[in-house]
Amino acid sequence: MITDKMTQALNKQMNAELYSAYLYLAMASWASTQGLRGASNWFFVQSREEMTHVWRFYNYVSSQGSQVILDTVAKPPADFETIAKAFAETLVHEQAVTAIINALIGIAHEENDNATAIFLQWYVNEQVEEEESVGEIIDQINLAGPVGGGMLLIDRELGTRVFKMPVGLVAAVA
Ligand code: FEO
């Protein structure tokens, strides 16, 4: 069982994860219109991963006997100007998500809720990975320059990213 305060905070985070999925889906379509099919693939896979983040929260809140309350998802931007700016925005967004996860852990501790604090640890690790991988892509784009052959190679590399459904999550939602 988790407290009402904790449930509300987790529901709010689910909305933030849904927005992340929405944001990256918008970036995927924008990148596609720029001829950056690899980047489009990368953002599309990212969007799908964000949905798995939503489902992890869904499963956890449900397993605690609490109700998932969904709210309006904010409208993401449609124009990201350049691929460098799109990834810069991605990093800023992920850093903001990291801060919210840390705040959630703070609430879990205030509520003496060790189960939720442990559950959230998965997200702490995930945020480290996400910030690192986006940071590497930004470094590559900066080294290559945003147009020309270098960007073509980076785009090809981004096109190799494959979505993998977490095995345990499949079982939990099936
Ligand atoms: Fe759900 Fe990108 O953090």
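Select Ser-66 to begin. Ser-66 sits in the loop that links helix H2 (37–63) and helix H3 (83–110). The model is a predicted one. Is Ser-66 buried or exposed? Its relative accessibility is 18%, so Ser-66 counts as buried, the cut-off being under 20%.

Now show what surrounds Ser-66. Leaving out residues up to four places away in sequence, Ser-66 touches Ile-2, Thr-7 and Val-61. Zoom in on Thr-7. The side chains of Ser-66 and Thr-7 are joined by a polar contact of 3.2 Å. Next, draw a distance from Ser-66 to Val-54. The two are 12 residues apart in sequence, and their C-alpha atoms lie 15 Å apart in space.

Step into helix H2 and pick Thr-52. At 3% relative accessibility, Thr-52 counts as buried. Which residues does Thr-52 contact, once neighbours within four places in sequence are set aside? They are Phe-163, Met-165, Pro-166 and Leu-169.

The axes of H2 and H3 are 13 Å apart, and the packing angle is about 15 degrees. H2 and H3 are therefore roughly parallel, since angles under 35 degrees count as such. Their crossing is left-handed. Colour the contact residues. On the H2 side they are Ala-39, Trp-42, Phe-43, Gln-46, Glu-50 and Phe-57. H3 contributes Ile-83, Ala-86, Phe-87, Thr-90, Glu-94, Ile-101 and Leu-104.

The axes of H2 and H4 come within 12 Å, crossing at roughly 170 degrees. H2 and H4 are therefore roughly antiparallel, the limit being over 145. Select the H2 side of this contact: Trp-42, Gln-46, Glu-49, Glu-50, His-53, Arg-56, Phe-57 and Tyr-60. From H4, pick out residues including Phe-119, Trp-122, Tyr-123, Glu-130 and Ile-137. Trp-42 of H2 is listed in the contact with H3 and also in the contact with H4.

Finish on H4 itself, residues 114–144. How far apart are its end C-alpha atoms? They are 46 Å apart. At 1.5 Å a residue, the 31 residues of H4 should span 45 Å, so the two values agree. Last stop: Gly-145, which follows H4 and has a positive phi, near 85 degrees.

Conventions. Residues numbered from 1 in each chain as written. Predicted model: local features only at pLDDT ≥ 70, side-chain atom pairs only at ≥ 80, totals over all residues. Heavy atoms only, no water. Helix = DSSP H or I, 4+ residues; strand = E, 2+ residues; numbered from the N terminus. Expected span 1.5 Å × (residues − 1). Buried < 20%, exposed > 50% of the residue type's maximum accessible area, 1.4 Å probe, protein only. Contact = heavy atoms within 4.5 Å. Polar contact = N/O pair within 3.5 Å; in protein donor to acceptor, adjacent residues only side chain to side chain. Axes fitted to C-alpha atoms, helices over the stretch in contact; angles between N-to-C directions. Parallel < 35°, antiparallel > 145°, perpendicular 65-115°, else oblique. Left-handed = near helix turned anticlockwise from the far one by under 90°.
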